[in-house]
Amino acid sequence: MAIRKSNKLSSQTTMIKQILKRCSSLGKKNGYDYDDGLPLDVPKGHFAVYVGENRSRYIVPISFLTHPHFQSLLRQAEEEFGFDHDMGLTIPCEEVVFRSLTSSMLR
């Protein structure tokens, strides 16, 4: 059973690394720092996600990546959109649900 847990943790770590790499590789567009590839308006330790039908942009702390509810959203995002596209990290849920979930994660 320890092997399964280790494999699951390794899989989650790999997924998180891919997401962070994807988020930081968006530096090819305007509004990004070309030296480190990060958006100029995103503070260190945070990343941008796009949520809802209108793809509203939210800045969230990197610590969310280890939260089980956020990881569930990431799995849904991967299933629906994949991570290999130029749209940025898109979360497939309604904005109201996303705001509620993330506000509960901050407590």
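A residue is called buried when its relative accessible area is under 20%, exposed when it is over 50%, and partly exposed in between (1.4 Å probe, protein chains only). Thr-102 is buried by this rule because its relative accessible area is 10%. This is a predicted model, in which local features need pLDDT of at least 70 and side-chain atom pairs count only at pLDDT 80 or more, while totals for chains, interfaces and linings use all residues. Residues are numbered from 1 along each chain as its sequence is written, and side-chain values use heavy atoms, with hydrogens and water left out.

Now for the overall layout. The protein chain has three helices and three strands, where helices (H or I, at least four residues) and strands (E, at least two) are DSSP runs numbered from the N terminus. Starting at the N terminus, the elements go α-β-β-α-β-α. Of the 107 residues in the protein chain, 38% are buried. As for contacts (heavy atoms within 4.5 Å), residues 24 or more positions apart provide 46% of those with a separation of 6 or more.

How far can the model be trusted? That's where pLDDT comes in, the predictor's confidence in each residue, from 0 to 100. The average over the protein chain is 77, and 63% of the residues score at least 70. Confidence is lowest in helix α1 (residues 2–24), with a mean of 59, and highest in β2, with 94. Over residues 25–30, pLDDT stays under 50, and the model has nine contacts beyond four places in sequence for this stretch. Where pLDDT is low, the predicted coordinates should not be read in detail.

Next up is the inside of the protein. A nonpolar core is a set of buried Ala, Val, Leu, Ile, Met, Phe, Trp, Tyr and Cys residues joined through side-chain atoms within 4.5 Å. The largest one has 18 residues, and Val-49, Phe-70, Ile-91 and Phe-98 touch the most other members. At least two residues of this core come from each of β1 (46–51), β2 (56–61), α2 (68–80) and α3. Helix α2 gives the most, with four residues. Leaving out residues up to four places away in sequence, Val-49 touches Ser-56, Arg-57, Tyr-58, Val-60, Phe-70, Leu-89, Ile-91 and Phe-98.

Aromatic rings get their own look. Rings of Phe, Tyr and Trp (its six-membered ring) pair if their centres lie within 6.5 Å; planes under 30 degrees apart count as stacked, over 60 as edge-to-face and the rest as tilted. The structure holds four such aromatic pairs. In one of them, the ring centres of Phe-47 and Phe-70 are 6.1 Å apart and the planes sit at 80 degrees, so the pair is edge-to-face. This pair links distant parts of the chain, with Phe-47 in strand β1 and Phe-70 in helix α2, 23 residues apart. Phe-47 counts as buried at 4% relative accessibility, and Phe-70 counts as buried at 0%. Ring pairs also join Phe-47, Tyr-58, Phe-64, Phe-70 and Phe-98 into a cluster.

Several loop residues are worth a stop too. Arg-55 is in the loop between β1 and β2 and counts as partly exposed because its relative accessibility is 32%. Its phi is near 50 degrees, a positive value in a residue other than glycine. Most residues other than glycine have a negative phi. Arg-55 also lies over the face of Tyr-50, at 4.8 Å from the ring centre; a charge sits over a ring if NZ of Lys or CZ of Arg is within 6 Å of the ring centre and within 35 degrees of the ring normal. Gly-88, in the loop between α2 and β3 (90–91), counts as buried at 5% relative accessibility. Gly-88 and Tyr-50 are 38 residues apart in sequence, yet their C-alpha atoms are 7.0 Å apart in space. Val-42 lies in the loop between α1 and β1 and is buried, with a relative accessible area of 13%. Neighbours within four places aside, Val-42 is in contact with Phe-47, Ala-48, Arg-57 and Ile-59.

Glu-79 lies in helix α2 and counts as exposed because its relative accessibility is 70%. Thr-102 belongs to helix α3 (residues 95–105), and its side chain reaches the backbone oxygen of Arg-99 at 3.2 Å.

Notes
A polar contact is a pair of N or O atoms within 3.5 Å; within protein, one must be able to donate a hydrogen and the other to accept it, and residues adjacent in sequence count only if both atoms are side-chain atoms.
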